[in-house]
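Open the model in your viewer and switch to the cartoon view.

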Amino acid sequence: MSAMPHASSSAARFVSVDEIRTRFSRAMSEMYRKEVPQYGTLIDLVADVNAVALQADPELRQRMGKSGELERLDVERHGAIRVGTAEELATLRRLFAVMGMEPVGYYDLSVAGVPVHSTAFRPVHDEALLANPFRVFTSLLRLELIADEALRAQAAEILQRRRIFTPRALELIAQAERDGGLDSSDADAFVQQALETFRWHSDATVDAATYNALQKAHRLVADVVCFKGPHINHLTPRTLDIDLAQADMPTRGMDAKDVVEGPPQRACPILLRQTSFKALKEAVRFTDADANADSAGAHTARFGEIEQRGVALTRKGRALYDELLGLVRGIDSAGSAAPDYAHRLQQVFTQFPDTHEQLRRQGLAFYRYRLTEHAQAQLPQGAAEADLEALITRGLVQAEPITYEDFLPVSAAGIFQSNLGGEEQKQYQAHAAQQVFESALGASVHDEIALYEASEQQSRAQVLGMLAGAAA
Ligand code: OOG
Ligand code: NI
């Protein structure tokens, strides 16, 4: 008898990283729904809006059904956290790796007056993205941007003392690294332990005076430094019609942000549009709460966000986007807070082509190529030599937009700003420090555009390969 291949392999005991990610994102969503009930309202709103959008646009439904995106829509979320030290960031990298999430992209937010730089942990392979695209926008505080030296040292010292991971979480991470995976019950234990890191703690780790001093340096500094862990500060479902969702928020009792960040409404959505309900004021207890009756505190950090995703742009497309956005925002320093912002955005973006054919032919956006059903039924002779555009014209190949899976620094800064409360706008000597970030992370980040290029290229090679096979 031959050996039984499945019984002996240890890998067979392991659940897939996609499965662990799905369990984790579900658990996180349930936790956040309990912590911030308005987030539950937001999820319901988005489900309603998506149902309306799909009903109104059968072509969209069909396209999303075919590409597998319809199924991922209901589970799709992103979240965000902020950490204080290199060690915290590096350990998060290992924690996310257990769920198949890798650091993608570098975002310098100091340009927008926010003293952090960031990456997004997310799955990077096409199949993994389809299974569950859960992403976590993760920021590292840049203490060097705090001007007051004594305060900076104090913040560093407070951060050094805290432990944001449970001992069991650290053990399970090490075990997954050593064995190459986790079985189902260890995966459940891992999810429960990992969740502890992202939980809200209303007990601050500092006294009221320290909180206030850090808050004065920047509201974000207080948020990162004064608590036991990097509480998840929002979760974001994906909507198919963000304008409708935005309009609906107040009717469901949500205090919506004034404008939608990102590109304007278009026939062919590009990149990412985002809006949120504003962060809620929550009671916190400082360490001197008993001694000092005045120090009953409040902290504003947690909110809910929605996003609409469109096609990923090439380097050329992204340069055009950045240029046009700069034109709109450069006019006055109020940025997206300016009164006629939405109108000007709409006007300026008329310069960005708005049919998929133009976006593709001008090399502005990424597409995934497939044989049409017609071509699959009967692979045509003599098609192998033709170029893809000619094959599309002949109805043999179709091009589907590749969804943008990442974030936008200017939008992210807008989200930060509108949720930190307070009106003050800080100025920092802006400088990207990707290498410093990567050395804290203990790894380099993926270049997001290279990932889209690779997906497009792979689909192109596959289609051309099939046609060449048919011709042989
Ligand atoms: C992150 C803000 C960025 C997004 O969707 O652009 C973000 C934060 O507030 O920590 O989540
Ligand atoms: Ni977000």
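Remember that the model is predicted.

**Stop 1: strand β4**

Select residues 135–141, which form strand β4. Are they buried or exposed? Seven of the seven residues are buried, so the strand counts as mostly covered.

Now show the side chains. Arg-135, Phe-137, Ser-139 and Leu-141 point one way. Val-136, Thr-138 and Leu-140 point the other way.

**Stop 2: the partners of β4**

To find one of the contacts, pick Ala-80: its bridge partner in β4 is Phe-137.

Pick Thr-119 and look for Thr-138, its bridge partner in β4.

**Stop 3: helix α4**

Select residues 58–67, helix α4. Which residues are buried here? Leu-60, Met-64 and Ser-67 are. Look down the helix axis: the buried residues of α4 fall within an arc of 70°, so they line one face. In an α-helix, residues three or four places apart point the same way, because there are 3.6 residues a turn.

Turn to the other side of α4, where Pro-58 and Glu-59 are exposed.

Then show what covers the buried residues of α4. The cover includes helices α3 (37–56), α5 (69–75) and α7 (126–131), plus strands β10 (367–371) and β11 (397–401).

Finish at Gly-68, which follows α4 and has a positive phi, near 85°.

Key:
Residues are numbered from 1 along each chain as its sequence is written. Chains are lettered from A and ligands numbered from 1 in the order in which they are written. This is a predicted model: local features need pLDDT of at least 70, side-chain atom pairs count only at pLDDT 80 or more; totals for chains, interfaces and linings use all residues. Side-chain values use heavy atoms; hydrogens and water are left out. Buried means under 20% relative accessible area, exposed over 50%, partly exposed in between (1.4 Å probe, protein chains only). Helices (H or I, at least four residues) and strands (E, at least two) are DSSP runs, numbered from the N terminus. Two strands pair if DSSP finds at least two bridges between them. The arc is that of the directions from the helix axis to the C-beta atoms. Contact means heavy atoms within 4.5 Å.
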